[in-house]
Each structure stands twice: as structure tokens, then as C-alpha cells.
Amino acid sequence: MSVRDLARIAVFAALTAAMGLVGSITLAGGVPITLQSLGVMLAGAVLGPWRGAASMGLLILGVAIGLPLLAGGRGGIGVFVSPTAGYLIGYVIAPIVIGLIVRGRPTWLRVGLGCLIGGIFSIYVFGIPVQAWLTELSLVESLITSLVFLPGDLTKMVVATLITMALFRASPQSFESEGVQREVAVAH
């Protein structure tokens, strides 16, 4: 990895942390609604699978050592035994899924699909079971309480797609894949 890659990883970790500072709403089940999953989606779509996962890993590492990087200024090892723990695992997995779907030259369809499958479904796959376990709700009850997040997450998916495609148009060389850079050079 180059210094440029490390800087981009740090920027996306910081961007995602900053999205938690905007504020949050905590509903039943103890999981807050924040903009942070938008940062996760952007990391996967822009940085690609491995750099995107590294940026979220850096965020999670900061949280683990006690930095207040999550919504509401939460941080510390305690968040890994709270109802949000599974969602945090999903934050690291989601950019891998998104990046693998978007890989190559980003298109509206691949970015939207990547954010839907990776940025929503993958995070829910890890988040809902852990939330159910730690809140002692059934998996079905936890799934139902989590449906309240779906409209906001679908909105974040649309916003992430719009931002990603605008970034790609403005600066295609900023995207993860060397193949994208070769495609752009040939197209121009």
C-alpha cells in the first residue's frame, strides 16, 4: 500500500466517524439511527473492497481503544458487548461486499446494487442476530424492530450512489481499481 492509499483509508475512517457526530436517534432495541452507514457504503464503493474494509477496521480500532467515534460519542470496548456490536462487524464486511460488486468502472446499477446488498443486507446479517442475542429478543422480533431502519438505509443507498457516481465523473483516477484507471485513459 502506498502513502496515498493509507491517507485515503484514514480519510474515509474519519469521514465515517464524523457522520456519527451529526447526531442520532435511538429507537427500541438500543441501536441508533446515524449517517455512519453512508460512510461505510462510500468506503466500499470508492476505495474498493480491501481498502474500504481497512478504513472501517481503522474506525473500529479507534472505537476499541476508547475514541468516541460512534454516534453519541460512544467508544471503548463496551460497545462490543452492546446491541450495536454486530452492526460494527458488518461495517468491516460491508465494504468488501460493496467493493466486489462495484469493482471495475462504477455504474449506477453496480453501485446501487453494491450499496443495497453490502451496505444494508450485509450489515443487517451481522447486526440483527447480535442485537437479538444481547437484547434477549427473538430473531424475528429483532428483525421487525430493525425494519424501522430500512427507509433511512435505502435513502443512504441512493445518496451513496449519487455521490459515488459524481465523484467518479469528477475524478475517475481516485477510484480503487487500476483497471478503472486504464479504462478511463483509453476512453479519453
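## Helix α3 and its surroundings

In this predicted model, helix α3 gives way to G66, a residue with a positive phi, near 105°. Helix α3 itself covers residues 49-64, and its 16 residues should span 22 Å at 1.5 Å a residue; the end C-alpha atoms are 22 Å apart, in agreement with that expectation.

The buried residues of this helix are P49, G52, A53, S55, M56, L59, I60, G62 and V63. They pack against three other helices: α1 (3-21), α2 (36-47) and α4 (85-102).

## Overall architecture

The protein chain contains eight helices and two strands. In sequence order, these elements follow the pattern α-β-β-α-α-α-α-α-α-α.

Of the 188 residues in the protein chain, 46% are buried. When contacts between residues at least 6 apart in sequence are considered, 67% of them join residues at least 24 apart.

## Salt bridges

Side chains of opposite charge can pair when their charged atoms come close. Across the whole structure, three salt bridges are found. D5, R8 and R51 are linked in a network of such bridges.

D5 is classed as buried because its relative accessibility is 10%, and the cut-off is under 20%. The side chain of D5 also forms a salt bridge with that of R51, at 3.2 Å, N to O. This pair links distant parts of the chain, with R51 in helix α3 and D5 in helix α1, 46 residues apart.

A further salt bridge joins D153 and K156, whose closest N and O atoms are 3.1 Å apart. D153 and K156 are both located in helix α7 (residues 150-170), three residues apart, about one turn of the helix. D153 counts as buried at 7% relative accessibility, and K156 counts as buried at 8%.

## Helix α5 and the nonpolar patch

A nonpolar surface patch of about 770 Å² is formed by I89, L109, L113, L116, I117, F121, V125, F126 and L154. Helix α5 gives the most to this patch, with seven residues. L109 is placed in helix α5, and its relative accessible area of 65% makes L109 exposed. F121 likewise lies in helix α5, which covers residues 108-135; with a relative accessible area of 54%, F121 is exposed.

The next position, S122, is also part of helix α5, but S122 counts as buried, at 7% relative accessibility. Apart from its neighbours within four places in sequence, S122 is in contact with G90, A94, V97 and I117. G90 also provides a spatial reference for F121: the two residues are 31 residues apart in sequence, and their C-alpha atoms are 9.2 Å apart.

E136 lies in the loop between α5 and α6 (139-146). This residue has a positive phi of about 60° although it is not a glycine. E136 is exposed, with a relative accessible area of 73%.

Methods
Residues numbered from 1 in each chain as written. Predicted model: local features only at pLDDT ≥ 70, side-chain atom pairs only at ≥ 80, totals over all residues. Heavy atoms only, no water. Helix = DSSP H or I, 4+ residues; strand = E, 2+ residues; numbered from the N terminus. Buried < 20%, exposed > 50% of the residue type's maximum accessible area, 1.4 Å probe, protein only. Expected span 1.5 Å × (residues − 1). Contact = heavy atoms within 4.5 Å. Patch = residues over 30% accessible without salt bridge, like charges linked within 9 Å, V, L, I, M, F, W, Y side chains within 5 Å. Areas by Shrake-Rupley, 256 points an atom, 1.4 Å probe, with all protein chains shown as cover. Salt bridge = Lys/Arg side-chain N within 4 Å of Asp/Glu carboxyl O.
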